[in-house]
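Please examine the sequence and the model shown here before reading the briefing. The notes are arranged by topic.

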Amino acid sequence: SDLWLYHWAPRSRRASIKRLGLVPGSISIDKAWRPPYVCFSDDPLLAWSLSGHFHPEVEEWDLWAVWHADVKGWEAIPENYRHREGSYIKEFRVYHRVFKRHVHYVASRSQ
């Protein structure tokens, strides 16, 4: 199936992402921890609601996309409740580096 995975990151991380790709263990936005994974969603709006939505202090954001076949394995985190259409995966956690050649810049947004 056709599946793009989306990740929002602060604009300040653009140079690092272009140089290294997406790397688990990077310091969180609130500087509170180093998640051992990179979070994705299969929908840009859902990805926003899981990240940028919670950080209004970050003024500029970049949206990145990765083709599912370029990610070798992920953990799917389902939503805790069911919609009329059925349950869905709210988050994909990738525990390894996604190399820069597989990470595509999509768009930017400001708060």
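The structure is a predicted model. Its chain of 111 residues contains 2 helices and 6 strands. In sequence order, these elements follow the pattern β-α-β-α-β-β-β-β.

**Overall form**

- The radius of gyration of the chain is 14 Å, close to the 13 Å that the globule rule gives for 111 residues, and the chain is therefore as compact as a globular protein of that length.
- The C-alpha trace spans about 40 × 30 × 25 Å along its principal axes.
- Of the 111 residues, 39% count as buried.
- Among contacts in the chain with a separation of 6 or more, 75% come from residues 24 or more positions apart.

**The sheet**

- An open sheet is formed by 3 strands in the order β2-β5-β4, with antiparallel pairing.
- From one strand to the next, the twist averages 30 degrees.
- The antiparallel pairing of β4 and β5 extends over 4 bridges.
- Pro 78 has Ile 89, in β5, as its bridge partner.
- In general, the strands of a sheet pair through backbone hydrogen bonds, either parallel or antiparallel.

**The nonpolar cores**

- In soluble globular proteins, nonpolar side chains tend to be buried together.
- The largest nonpolar core has 14 residues, of which Leu 5, Ile 17, Leu 22, Phe 40, Val 66, Val 98 and Val 103 touch the most other members.
- Two or more residues of this core are given by each of β1 (4–10), β2 (38–40), β3 (60–67) and β5 (89–94).
- A second, separate core of 8 residues includes Tyr 6, Trp 48, Leu 63 and Ala 65.
- Which residues does Phe 40 touch, not counting residues up to four places away in sequence? They are Leu 5, Tyr 6, His 7, Leu 22, Val 66, Lys 90, Glu 91, Phe 92, Val 94 and Val 98.

**Confidence of the prediction**

- The chain has a mean pLDDT of 90, and 92% of its residues reach 70 or more.
- Among the elements of the chain, helix α1 (residues 14–20) has the highest mean pLDDT, 98, whereas β4 has the lowest, 88.

How values were computed: Residues are numbered from 1 along each chain as its sequence is written. This is a predicted model: local features need pLDDT of at least 70, side-chain atom pairs count only at pLDDT 80 or more; totals for chains, interfaces and linings use all residues. Side-chain values use heavy atoms; hydrogens and water are left out. A nonpolar core is a set of buried Ala, Val, Leu, Ile, Met, Phe, Trp, Tyr and Cys residues joined through side-chain atoms within 4.5 Å. Buried means under 20% relative accessible area, exposed over 50%, partly exposed in between (1.4 Å probe, protein chains only). Contact means heavy atoms within 4.5 Å. Two strands pair if DSSP finds at least two bridges between them. Axes are lines fitted to C-alpha atoms, for helices over the stretch in contact, and angles run from 0 to 180 degrees between N-to-C directions. pLDDT is the predictor's confidence in each residue, from 0 to 100. The radius of gyration is taken over C-alpha atoms; the globule rule is 2.2 Å times the number of residues to the power 0.38.
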